[in-house]
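Colleague: I would like to go through this entry feature by feature. Please give the general idea before the case at hand.

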Amino acid sequence: MRTDRWPWLGGRPALDFANTRRDAETLLTAEDLGEWLVAAELLPAPMRVRRAVLDDARALREAIDRGVVALVAGATVPAGALEAIDGWLVHAGTRPRLATGADGLPRLGERPAADSPRRALGTIALDAATLLGVPEQRARIRICAGEGCAMRFYDRSPAGMRRWCSMSRCGNVAKARRHRVRAREAARA
Ligand SMILES: [Zn+2]
């Protein structure tokens, strides 16, 4: 379940994850990471997350964010960031499972998804890899233009001209400010 503890304005798991650190760190403990993964619906239920996984998760988040910042700036994505994301892809996707079926015959199926924190992070890495590695998606990565916001988000608007993480949080503030500036200029003129 999505909680108010995190903003959920990224529109993509990878960007929501990147947004867990903006002005402040919100994944302070391994428990925080576990709770975020459940809230993001990447883990079915709370489970123990080891401290080492939190450190690795933060490194993945840093790599995603470096990729996002570089792409929005039109700069080259650091190779190290891509390598870090790529390293997680072994944990992503479905894994085959061979078991005995109800008819007693061998059956090739899939293992249940998202059954560990690392697999959940692998899912985030795959989303990030898709986001950075597919040209149509890459072109829709944005950083909110709101003053002091810098939220990362995915622009799904038809024209691809979205500037704010959300109207209520940043868009209306910016509109009100523009209105005040216009009013001041009109008063001066
Ligand atoms: Zn914003």
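Colleague: What percentage of the 189 residues of the chain count as buried?

Modeller: Buried means under 20% relative accessible area, exposed over 50%, and partly exposed in between, with a 1.4 Å probe and protein chains only. By that criterion 38% of the 189 residues are buried. This is a predicted model, in which local features need pLDDT of at least 70 and side-chain atom pairs count only at pLDDT 80 or more, while totals for chains, interfaces and linings use all residues. Residues are numbered from 1 along each chain as its sequence is written, and side-chain values use heavy atoms, with hydrogens and water left out.

Colleague: How many helices and strands does the secondary structure of the chain come to?

Modeller: Helices (H or I, at least four residues) and strands (E, at least two) are DSSP runs, numbered from the N terminus. The chain has seven helices and four strands, in the order α-α-α-α-β-β-α-α-β-β-α.

Colleague: How many bridges join strand β1 to β2?

Modeller: Two strands pair if DSSP finds at least two bridges between them. Here β1 (residues 96-100) and β2 run antiparallel and are joined by five bridges, with P96 opposite E110. The two strands form a hairpin with five residues between them, and G104 in the turn has a positive phi of about 80°. As for cover, the count of buried residues in β2 (residues 106-110) is zero.

Colleague: Is D127 buried or exposed?

Modeller: D127 counts as buried because its relative accessibility is 12%. The residue lies in helix α5 (residues 117-133). A contact means heavy atoms within 4.5 Å; leaving aside residues up to four places away in sequence, D127 touches R12, P13 and A14.

Colleague: Which residues are the protein donors of the zinc ion?

Modeller: Donors are N, O and S atoms within 2.8 Å of the metal (3.2 Å for Na, K and Ca); water is not among the atoms, so sites may look incomplete. The SG atoms of C144, C149, C165 and C170 lie 2.3 to 2.4 Å from the zinc ion. In sequence these donor residues follow the spacing C-x4-C-x15-C-x4-C.

Colleague: Why does the pair C144 and C170 tie together parts that are 26 residues apart in sequence?

Modeller: C144 sits in the loop between β3 (141-143) and β4 (152-154), whereas C170 belongs to helix α7 (residues 167-188), so the pair links parts 26 residues apart in sequence. Both C144 and C170 are buried.
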